[in-house]
Amino acid sequence: MSIDSGIKWRNPLFVWGGKRDVEELPTIPFRSHKEVWERTRRSTTKLNPVGRLRYYYKWPGHGATMWNRLRYWPTRRRVLRVRGEYNPKTLRAEKTIVDKRPIWWVLGLLALAIAPLFTPGDLQNTLLTAGATFGIYAAISLCWMLIMGTAGVFSLATYAVVGTAAFVTALLAVKFALPWWLLPPIGALVGLVFGGIIALPATRLDGFYYALLTLGLNELCRVYFVTSKEFGSANGGLYGARTYIPEEWSQLGQLLLAYYACFGLMLLALLLYRFVNGRRLGRILRMAPEKREAFAEATGVNFRQARVWVFLVSSAALGFIGGFYTSNFGGVAFSIFNFDTVLLGLAMLVIGGVGRAEGAVVGTLIVVFFDQVLNTWGPARFMIIGLIMLLVVLYLRNGLFGIKAQFRAWRDKKKSERRSTRAEKGGELLPEEATETEDKSVIYQRRHDKMTRDHLKTLVSPEIIEEHRHSLNGQHSEALERLLIYFRTRPQVEKYAIMAVERFEGYRIVALSGHRGVAPRVVEDRIYATPDEACHGVFMRRVQDLLES
Amino acid sequence: MDIWFIVSNTIVLACIYGTLAIGISITWSSLGLLNLAYGFIFAFAGYGAWLFAQHVSTSGPAVLAAGILAGALGGVVICAVGFIPIHDKPNFTIRGLIATLAINLIGTQCLLWWFGPRSKSLPEIFGNWSVSLPGVVFTADKIGNVVTSVLLLAVVLRWMQSSRRGLEIRAMMMNPHAASIVGIGVRRTSFYVMGITGGLAGLAAVLLSQTYYISPFGGLMPMIKGVSIALCGGLGSVRGAVIAAIVLGLNEALTSISIGGRYVLITQFVVIIVILLVRPRGIAGLLDKAREA
């Protein structure tokens, strides 16, 4: 940039003969402010969506229906969690169903209840038997889920409790010819005693030590029952107890009765799950998750006692199921103590997701489908179940029902990665800062300010500075006028001002504090002789600040 | 005579189960992985040795080596499938446990499908001689089992004490995080560890097959015994495992003599529960500090 660029600015007011007016002054070529605008707007960065969208269907609702809630009698519990709100844009009253799980539960249970009507004729036998097995195993899985999910005790002795209760009740039923309805309560008693015994080490041991111990206990039960003579070691199990299924019914009637009885057992287990997990005990234990027990203890939560309670309650329930097992099948086989049975049971929990009732039920459904319906496949079906279990464990954090949360976490991670790649663009406000700023106009104001400064930087040149030195007041060229207007509109804080050291003799530049009662700050030692020189000095300082920003 | 027979039997079994227990212990303390797929490795190594004996050679040491190699291979496979993908994921300990259980399920069912349910027997590795002392006869397989397992265990422990890789494994056992900071690769070391512990399981499989037969589910009982011993001795402690093996072996011998063989497992678990109630981290385990993984 040189003084003599050949372009001249002609002062339109020169003809009026103002003092110190010059007709023509050298200046710079015109630069449009739109260049900066276009350059800022043009972007080569790939723009990815970074916001958060959750789609909920908005149900209409107004006036009285807006706050109308369906509740379980006689409690104040709501059947559905519905949020009433006013749409901020349209101001229309709306309802949002926040938690749709009850709807899915009702639909799923209804489907299970009417499923026998729709079974194809040639598969009816297999499917109804599998359905009954599913009911029993789902109940076992739910009780196990209480132990593993709610109480957080990694016990593998669940099937040992069920099997022991089943064998003891079968033995009693065979010996004393007990009626079928006595077996589940006796089983519950047996389960309670067994649970009490194995709860003893659970208070001292944690995590895997307990898992390994219970694994051994299961094997102990298997060996004991298989080798003992009373429990029928010769014929692979103990049969001969009376069942609740009447002999004189048709085969279909018997199958249907077994199906609905097992379905009812599952409903009971669901109720138990709800009552234990959703109430006081569950709340207490949710307070004390793994690795935060010390904190819970410090806040006065007796989680150990709660754990033992949950353990005992579920053990009694497991015993009940064991008794029911005997009265359903008329006896029990040793295969219930097999290691593979434990593994399949664990697969039921793991596939669905530990800590949720729906996980237990759906996981059981999947495993029972492969195990019972496809039972012509031989060992291949166990391999498939094992493979599903392995894949679920390797890739999912918490089973099938944890997919949603895991996917959301992954999406949020990706979004924040994209946000951080966008930080280079604009650069006025960091993206995280921008999302958290209450007043969004600040974002656009800063962006505009930056573009203005970028444009003004291109206008600063020796010609303009020379022009300003020559004529502080009066008509200026377009470029200089733009600079001056920008400088004038700066806020009061740190704005430059001129202070008279001695009238008509000495002036110096100060910076205003911007606060009442706080004196201006001296910015340089130099004393200017005239106000005009000081004025130009202020201009030069501002130009320097502009170029440095 | 009867007492000596039981005692010698117990010593042999304690040696074999102790070998497995030390493998489980080392895996847990260095990788934080509770490998419950040992049952599968055990059966896999047994079948590997059996295939070797069928098709290649029936000489004792060769079959033993084949079993150890097959076991090491099984361990490496489990490491690649069950440890490498999840060792840095959240909730690793539980997921690792379940993953190894799943591998166990798949693997044993594969063996069942491939080899059928009939059990197989290996040729006699140590020959058919015996040593008679006054009142007791030591057969070849008993002496061979004890000598081989103690010898190989000593070699492995010596290797862990003196070699560079052993130093890496011991560093991982002390503090896995710090070990990874000073440049010990978790993944690479995990392959060594799983290879070696798998080899130990293979050794146990071949030695045990002198008494029992090889079947797809035959690995379960040795694994549970090994786990019990490792648990009782304190997970992560070799010395504790040795003490626990002796204690449980003694218990087994005494129970067999006094009450009867049927109650061995019951008394064993009573002993384990009592020990764990007194010392929740096992005999030689640190009282307060579990491995934070």
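View 1. The contact takes 39 residues from chain A and 45 residues from chain B. Contact means heavy atoms within 4.5 Å. This is a predicted model, in which local features need pLDDT of at least 70, side-chain atom pairs count only at pLDDT 80 or more, and totals for chains, interfaces and linings use all residues. Residues are numbered from 1 along each chain as its sequence is written, chains are lettered from A and ligands numbered from 1 in the order in which they are written, and side-chain values use heavy atoms, with hydrogens and water left out.

**View 2. An open sheet in chain A.** Three strands form this open sheet, in the order β3-β5-β4 (chain A), with antiparallel pairing. The edge strands are β3 (58–60) and β4 (81–86) of chain A, and each pairs on one side only. Neighbouring strands of the sheet are turned by 40° against each other on average, direction ignored. Such angles are taken between axes, which are lines fitted to C-alpha atoms (for helices over the stretch in contact), and run from 0 to 180 degrees between N-to-C directions. β4(A) and β5 (residues 93–99) of chain A run antiparallel and are joined by six bridges. Two strands pair if DSSP finds at least two bridges between them. Helices (H or I, at least four residues) and strands (E, at least two) are DSSP runs, numbered from the N terminus. Opposite A:R81 stands A:D99 in β5(A).

**View 3. A cis peptide bond in chain A.** The bond joins A:W73 and A:P74, with omega about -5°. A:P74 lies in the loop between β3 and β4 of chain A.

**View 4. Aromatic pairs.** The count comes to 23 aromatic pairs over all chains. The rings of A:Y57 and A:W59 form an edge-to-face pair, because their centres are 5.0 Å apart and their planes stand at 80°. Rings of Phe, Tyr and Trp (its six-membered ring) pair if their centres lie within 6.5 Å; planes under 30 degrees apart count as stacked, over 60 as edge-to-face and the rest as tilted. A:Y57 is exposed, at 56% relative accessibility. A:W59 is partly exposed, at 42%. Buried means under 20% relative accessible area, exposed over 50%, partly exposed in between (1.4 Å probe, protein chains only).

**View 5. An arginine in helix α10 of chain A.** A:R307 lies in helix α10 (residues 303–329). At 19% relative accessibility, A:R307 counts as buried. Leaving aside neighbours within four places in sequence, A:R307 is in contact with A:A151, A:V153, A:L285, A:A288 and A:E293.

**View 6. Two loop residues with positive phi.** A:F504 is not a glycine, yet its phi is near 65°. A:F504 lies in the loop between β8 (496–502) and β9 (506–511) of chain A. At 70% relative accessibility, A:F504 is exposed. B:N91 is not a glycine either, and has a positive phi of about 65°. B:N91 sits in the loop between α3 (60–83) and α4 (92–115) of chain B. At 45% relative accessibility, B:N91 counts as partly exposed.
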